[in-house]
Amino acid sequence: MTNLNQTPKGERIHIGIFGRTNAGKSSILNALINQNIAIVSEIKGTTTDPVSKAMELLPLGPVVIIDTPGLDDNSELGKDRIKKSYQMLAKTDIAIIAVDSSSGIGETETNLIDEIKSRSIPYITVFNKCDLAPVSVSGKNEIAVSALTGENITELKNMIATLAPEKEERVLVGDLIDSGDIIVLVVPIDEAAPKGRLILPQQQTIRDILDNGAIAVVCKDTELSDTLAKLSAKPRLVITDSQVFKKVAEIVPCDIPLTSFSILFARYKGDLQTLVDGAKAINSLEDGDRILIAEGCTHHRQCGDIGSVKIPRMLEKITGKKPVYDFVSGTEFAENTGEYKLIIHCGGCMLSEREMRTRIAATTARNIPIVNYGVLLACLTGILDRSLEPFSDITI
Ligand SMILES: Nc1nc2c(ncn2[C@@H]2O[C@H](COP(=O)(O)OP(=O)(O)OP(=O)(O)O)[C@@H](O)[C@H]2O)c(=O)[nH]1
Ligand SMILES: [Mg+2]
């Protein structure tokens, strides 16, 4: 559950720890966070599932550290575990390759490094248990540590910080507004709204408006006319929940740019133009075409039945066609290699930007159009044109 006071998981740098069984991956996690949260034992295959821990890792800042099962477990169950570990690479911004100093680099590590390199993930080779076997490290991103005695753990943290990806200038609304502008946010409060708080995209938008020195005015759709009438200056932009877009579009005069939170986040997380292009696939939809519907989370907290019920129903109503659907959630996405007419992905609010972009890029590489819930719903409800007006670089 995302705590309001914490950096959202999707915004944290993810550090994945990979390596053979017993290399000391769980011990390294514990040493980095200075707590015994991961179970450590001399029995190979102690960690059976990836474990993520969100924490503040100085000097870097808010991170998620992922401990993974060993990559040399040849049992039947072990193969599944290895698959799960490799899946964690999709979430990984910085990889730690844990090597037992007495065994050194072998085939497992070489294969892992090849995969990590092919994904352009920065990595550190950590020779653990240096208290048992002395090692001389030569490469730039190599270090000898002891998770047991704590030797060189601070140095490892510093090394991790130097590998942190440059924070890409990601813009939510900053490029659309100037300081002093009034931005009106329309947030309907219905039974779908969580009790007593705003959802993450709304919070993040308000924060970005404040960071840009602009003024956020938040109201429900039922108070929008009144709000606009009471403002002494024309708002620079209106951002609405897409559920009430049509109603809002009737209220907001045409000379005031209007968009939705979903569209803003489609641009922020991924590649808006690709998603807009993907939506065009519905124009040539035929009966029996296969469509993959993918959810980032394994539990549908905020998405409800949008993917399983609402989207198929609307799609069929608008196109008059009856496609066939496959559904995947969580990490199943990476394994799915089916042929599809279109992939419809959720907004990815719980996925990091890297993971969302990786998913979009992997899909376009397979020549399959991809669209997300927000852009598709905007298209199906006929509001895409207006909600894209504020973005001069996007073509429909
Ligand atoms: N001497 C020494 N022992 C260590 C060190 N790090 C881990 N160990 C021991 O090595 C064994 C394996 O450690 P784990 O942290 O469970 O290894 P793992 O890589 O998570 O293993 P799996 O979960 O089975 O894949 C345990 O008995 C640890 O106490 C170290 O730096 N020095
Ligand atoms: Mg372990």
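1. In this predicted model, an oxygen atom of ligand 1 lies 2.9 Å from a polar backbone atom of G24, a polar contact being a pair of N or O atoms within 3.5 Å (within protein, one must be able to donate a hydrogen and the other to accept it, and residues adjacent in sequence count only if both atoms are side-chain atoms). An N or O atom in the side chain of S26 is likewise 2.9 Å from an oxygen atom of ligand 1, and for a polar side-chain atom of S27 the distance to an oxygen atom of the ligand is 2.5 Å. Taken alone, ligand 1 exposes 650 Å², of which the protein buries 89% (Shrake-Rupley areas with a 1.4 Å probe; for residues, only the protein chains shown count as cover).

2. Around ligand 1 there are 24 residues, of which K25, S27, G45, T46 and T47 come nearest (a residue is near if one of its heavy atoms lies within 4 Å). Helix α1, residues 25-33, supplies the largest share of this shell, namely three residues (helices are DSSP runs of H or I of at least four residues and strands runs of E of at least two, numbered from the N terminus).

3. D93, in the loop between α2 (76-87) and β4 (94-100), is buried at 9% relative accessible area. Its side chain reaches the backbone nitrogen of H14 at 2.7 Å. Leaving aside residues up to four places away in sequence, D93 touches R12, I13, H14, I121, P122, P165 and R354 (contact means heavy atoms within 4.5 Å).

4. On conventions, residues are numbered from 1 along each chain as its sequence is written, while chains are lettered from A and ligands numbered from 1 in the order in which they are written. Local features need pLDDT of at least 70, side-chain atom pairs count only at pLDDT 80 or more, and totals for chains, interfaces and linings use all residues, with side-chain values using heavy atoms and leaving out hydrogens and water.

Note on methods
Buried < 20%, exposed > 50% of the residue type's maximum accessible area, 1.4 Å probe, protein only.
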